Amino acid sequence: MIRANRLSALALIAAVPLTFALPAAAQDPIFFDNQRGVFSFATGLEQSLPAVVQVTTLAQSSGPTSGENDPKPISSGSGVIVDAGQGIIITNNHVVEGGGKYTVDLLDGRLFDATLVGTDKATDLAVLKIEATGLAQVEVADSGTLRTGDLAFAVGYPLGLDQTLTMGVISGLGRSGMGDRIEDYIQTDAAVNSGNSGGPLLDSRGRLIGINTSILSGGGGGNDGIAFAVPTQIMLYVTNQLREAGEVKRGKTGAILGSLNATRARSFGLRIVRGAVVEDVAPGSSADSAGLKRGDILTRIHDRAVSNAGTVNATIGIAAPGTELAVVYLRDGQELRTTLTVEASTPRDVTVGAEALIGRGASVRAGSDGLVVFAVEGGSSAANAELMAGDVIRSVEGRRVTTLSALGQALGGEGQRRVVVERGDETPTLTLQ
């Protein structure tokens, strides 16, 4: 289990193999068991429990295996079967990361080897496949219909225990700001602990609403009643792309964004602390064509309120190229509207504006101290290299860089880059893949 280091409209999701289950009012469950005289959610939940599995990740093998050199377990977590016919299981990327072999334990006691279909670090999702018959699968609900206060049930294999069910409520929606990228978490107080990673968050009817991925802990590492799950709307987009292409392609608009906070709100003379600040706009980009400018504050996108940059990035990140997104923003205290068209992007794209840049997952601003990193995308090359907000970039591949255009040229293209940064009194050299 990791700590918190790590859309919303159906119109953004193309017709793909995994789809949401449509609600059926005639099948509304009755939570009072007349026969036993107790209130219970067992009827709805029991049908989903056989679809929840335990995932074990084993180390890479260095050669023929027998006896002492058999691959050893390096991590374990949970997962959920979403396609019984194809044996498709969804779990977390951090559960399978670094592994060479994967095994899946079913509730009925069967054990299978699994094949890794694909992973996506930015959303911490992974897809496994097993060859098996007689599998159960979970019904998928639309996370866009959730409301704070709805009951939620976390299922998994925590702390070395057998399958465990815990109950809580949805205590928040649209949580982000822990990386300013593809984050749009469901927050719940259902107990989630080490081993629950990758397991399902279910509604009171036993339908999948999210994938448990992280917790916030006060320091002891245990559950403090704050856990986060990737909502099914993001899950569907990511896993369908992984199944079809083995990778996730995301859109872009050319807007470089930061999150609004109390300090920045005061500097803008605003009485709001939620929104995304346009740090810069790449010339000729969709954001440029839409008329956005540095200093604009995005407050709504695709008919949903913007909490911070993560909200906007999540919305754009699961929209197909060509999608038009309605945007409401503030400029000089006046509310304006425009439309952003999502453009195709590649992992090596570098977006350069007059005063800011995004490249290899790093958002960089030109300031009096030099080229300062102000945000790092979760799961990106920059994040994996441990680049941090506040770092000042001094050189790339031994060449000093002092302008955004020079940095953009240095980071563009294929191959790794050695980057020297100034971090307090230290000057570490980081390698960006």
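A residue is taken as buried under 20% relative accessible area, as exposed over 50% and as partly exposed in between, computed with a 1.4 Å probe on protein chains only. The structure is a predicted model, in which local features need pLDDT of at least 70 and side-chain atom pairs count only at pLDDT 80 or more, whereas totals for chains, interfaces and linings use all residues. Residues are numbered from 1 along each chain as its sequence is written, and side-chain values use heavy atoms, with hydrogens and water left out.

With a relative accessibility of 21%, F41 falls in the partly exposed class, and F31, at 27%, is likewise partly exposed. A pair of aromatic rings is described by the distance of the centres and the angle of the planes. Rings of Phe, Tyr and Trp (its six-membered ring) are paired if their centres lie within 6.5 Å, with planes under 30 degrees apart counted as stacked, over 60 as edge-to-face and the rest as tilted. Under this rule the count is 4 aromatic pairs. One of them joins F31 and F41 in a tilted arrangement, with 4.6 Å from centre to centre and 45° between the planes. Because F31 lies in the loop between strand 1 (2-3) and strand 2 (32-33), and F41 in the loop between strand 3 (38-39) and helix 1 (42-46), this pair ties together parts that are 10 residues apart in sequence. Helices (H or I, at least four residues) and strands (E, at least two) are DSSP runs numbered from the N terminus.

The rings of F41 and F153 have centres 5.4 Å apart and planes at 55°, so this pair is also tilted. It links distant parts of the chain, since F153 belongs to strand 10 (residues 151-156) and the two residues are 112 residues apart. F153 is buried, at a relative accessible area of 3%. Through these ring pairs, F31, F41 and F153 are linked into a cluster.

Strand 6 (residues 88-91) directs I88 and I90 one way and I89 and T91 the other way, and all are buried. Strands are treated as paired if DSSP finds at least two bridges between them. Strand 6 pairs with strand 5 (residues 73-83) in the antiparallel sense over 3 bridges, and I88 of strand 6 is the bridge partner of D83. These two strands form a hairpin with 4 residues between them, and G87 in the turn has a positive phi of about 70°. Strand 6 also pairs with strand 9 (residues 125-129) in the antiparallel sense, over 4 bridges, where L128 is the bridge partner of I89.
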